[in-house]
Each structure stands twice: as structure tokens, then as C-alpha cells.
Amino acid sequence: MNLNIEKLKYILHELHHIHQIEDFRSQVLQLFNQVFHLEQSIFWLCNEKGEITQPLILNQNESDIEFYQKNYMSQDYLLPINVKDQIISKNTLNLQDIVTTSEYEKSAYYNEFMRTRGIYHEMGMYLKYDGKLIGGISFIGEKGHTAFLNDTILYLELLAYNIALQCKHLQPNISKNLLTKSEKIVCELIGKGYSNSIIAQKLFISENTVKKHIQNIYKKLNVNNRVSLLKKIE
């Protein structure tokens, strides 16, 4: 272990000076790019079912992410559900923690998805709060990328809890920023206990329109009833 305490202090200082809620995840990824040269990353959140949701990418192709989610996500060695036992005691994992180099290089995940995009390394930071996974950051890079071969993972292990605390504090607001102006207003009225018919009257819209707004809100915030919604936005 060869940690630079000044570097760690700088990162913690920068993290605690991210005040713009809507830019929190983006700024975290930019910080890791600046300090560790982790150019390609994904900051994802985790819903109540433990599923990955709302991925925010840095320096990656959106179509590749969509293709990954549709065809290869379940094969990802570092997917939370695939490493649930390991992340009980660890916050950060490298591919080498899970699979041998030989097995990895023979896998369809590597040969059909990673290698065809010039990617070899993968590292995951898992953000946990009160024993529950609330999100995480995935880092990828080409073969031989020094950030995956030095002490970077040790820094990430130490920083994970700090980021998790901020993410937990900001997560409801991060989620609400996915909503349109009309959906936010509907959320506020739901929070006041109004029924769909009362909301429709107050906004001068039809009750069917209110229902459509609520369906969109549920989908964006990964909830399925008003109780869960209120917990999410409180």
C-alpha cells in the first residue's frame, strides 16, 4: 500500500464542496477522471429491488450502454447481484477479485462485448448506506491502463462510504430532477395528501392526465405506489 495522504485529503475536500445537487454524480465522475485518470465511468443508482437504474455515463457511447443493458448486463462479473456476498465486506472490486484472467479472456462477456469496444479492465465501487446498496460507480479502461494496476482501488475503497453518505442525502433530489415541471407539481400535491380528482381541479387538467403524470413519476422514480413515492421524495 502506497497511499498519498495529500491526494486523499484533496479528494475529500472536493467531494464535500459539491453543492449542486443536480450535478453531484457528474462532478464525482469528473473528479475521478481528474485525479485517477479514470476516463470512462458510469454512476448508477439502485432501486428498492436492488436493481441498477438511472445510469449516468462519462466518456461512453449511450448506444453501447443500452446494448449492454439489453444483452450483456447479466454476464457482467461485477454486477451487484453477481457479487452480493463479496460486497458485504468490501466496497470496491476488480475483475481479478472475481474471475481468473484465463476465464475472463475466454468469456463471451469479454470477447463479444468488452474486447470489441477496446475495453479490458473493469472496477466497481459499491455505495452502501445502513447495510443497503444505494448505488455505485463502474470504471472501465483499455488493457494496461495504469489506473487499474496501481493503488487506485485502495483510494476508492476508502472513499466509498463518504460518497455513499452524500449520495443518500442527495438521492431523492437527484431522482426528482428527472421529473418534468408538471410532474414535480403533481408530486408536491400528492405530498399534501390530495386525491387525483383534487389535483386535477387544482391544475385545471383532466383526472386521466393526472393518472398519466403519476404513472410517469412512478416509472422514473422506480416506485409503484404513493407510500413508496412519499418515502422517495420526503
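**Group meeting: a pocket, a cavity and a few residues**

Let me start with the lining of the second largest pocket, which by class has 15 nonpolar, seven polar and four charged residues. Ala, Val, Leu, Ile, Met, Phe, Trp, Tyr, Cys and Pro count as nonpolar here, Asp, Glu, Lys and Arg as charged, and the others, Gly among them, as polar.

Some housekeeping, please. This is a predicted model, with residues numbered from 1 along each chain as its sequence is written. Local features need pLDDT of at least 70, side-chain atom pairs count only at pLDDT 80 or more, totals for chains, interfaces and linings use all residues, and side-chain values use heavy atoms, with hydrogens and water left out.

Now the whole chain. Its secondary structure comes to 10 helices and five strands; helices (H or I, at least four residues) and strands (E, at least two) are DSSP runs, numbered from the N terminus. The C-alpha atoms fill a box of roughly 60 × 40 × 30 Å along the principal axes. Of the 234 residues, 43% count as buried. Buried means under 20% relative accessible area, exposed over 50%, and partly exposed in between, with a 1.4 Å probe and protein chains only. Taking contacts between residues at least 6 apart in sequence, 61% join residues at least 24 apart; contact means heavy atoms within 4.5 Å.

Back to that pocket. How much space lies in the second largest pocket? About 350 Å³. Of the 26 residues that line this pocket, the closest to its centre are Ile 42, Gln 60, Ile 65, Tyr 68 and Ile 140. Strands E1, E2, E4 (121-129) and E5, together with helices H3 and H5 (108-114), each supply at least two lining residues. H3 gives the most, with four.

A word on the method: the search runs on a 1 Å grid over the protein atoms alone. A cavity is a set of points where a 1.4 Å probe fits but cannot get out, while a pocket is an open set with protein on both sides within 12 Å along at least five of seven lines; lining residues have an atom within 4 Å of a point. Grid points are joined across faces, edges and corners, and a volume is the space filled by probe spheres set on the points.

On to cavities. By this rule there is one cavity of 30 Å³ or more. The largest cavity has a volume of about 40 Å³, and its lining is made of Leu 95, Gln 96, Val 99, Thr 100, Thr 101, Tyr 104 and Tyr 120. That lining divides into four nonpolar, three polar and no charged residues.

Next, helix H2. It covers residues 24-36, 13 residues in total, and reaches 18 Å from its first C-alpha to its last, close to the 18 Å expected at 1.5 Å a residue; the expected span is 1.5 Å times one less than the number of residues. The buried residues of H2 are Phe 24, Arg 25, Val 28, Leu 29, Leu 31, Phe 32, Asn 33, Val 35 and Phe 36. Why does Arg 25 count as buried? Because its relative accessible area is 9%. A polar atom of the Arg 25 side chain lies 2.8 Å from the backbone oxygen of Phe 43.

Most residues other than glycine have a negative phi. Phi of His 37, however, is positive, near 60 degrees. His 37 is partly exposed, because its relative accessible area is 48%. Asn 59 also has a positive phi, about 55 degrees, although it is not a glycine; Asn 59 sits in the loop between strand E2 (52-58) and helix H3 (62-71).

Finally, two serines. Ser 138 lies in strand E5 (residues 132-141) and counts as buried because its relative accessibility is 19%. Its side chain makes a polar contact of 3.2 Å with that of Trp 44. A polar contact is a pair of N or O atoms within 3.5 Å; within protein, one must be able to donate a hydrogen and the other to accept it, and residues adjacent in sequence count only if both atoms are side-chain atoms. Leaving aside neighbours within four places in sequence, Ser 138 is in contact with Gln 40, Ser 41, Ile 42, Trp 44 and Met 123.

Ser 197, in helix H8 (residues 196-203), is partly exposed, with a relative accessible area of 29%. A polar contact of 3.0 Å joins its side chain to that of Ser 195.
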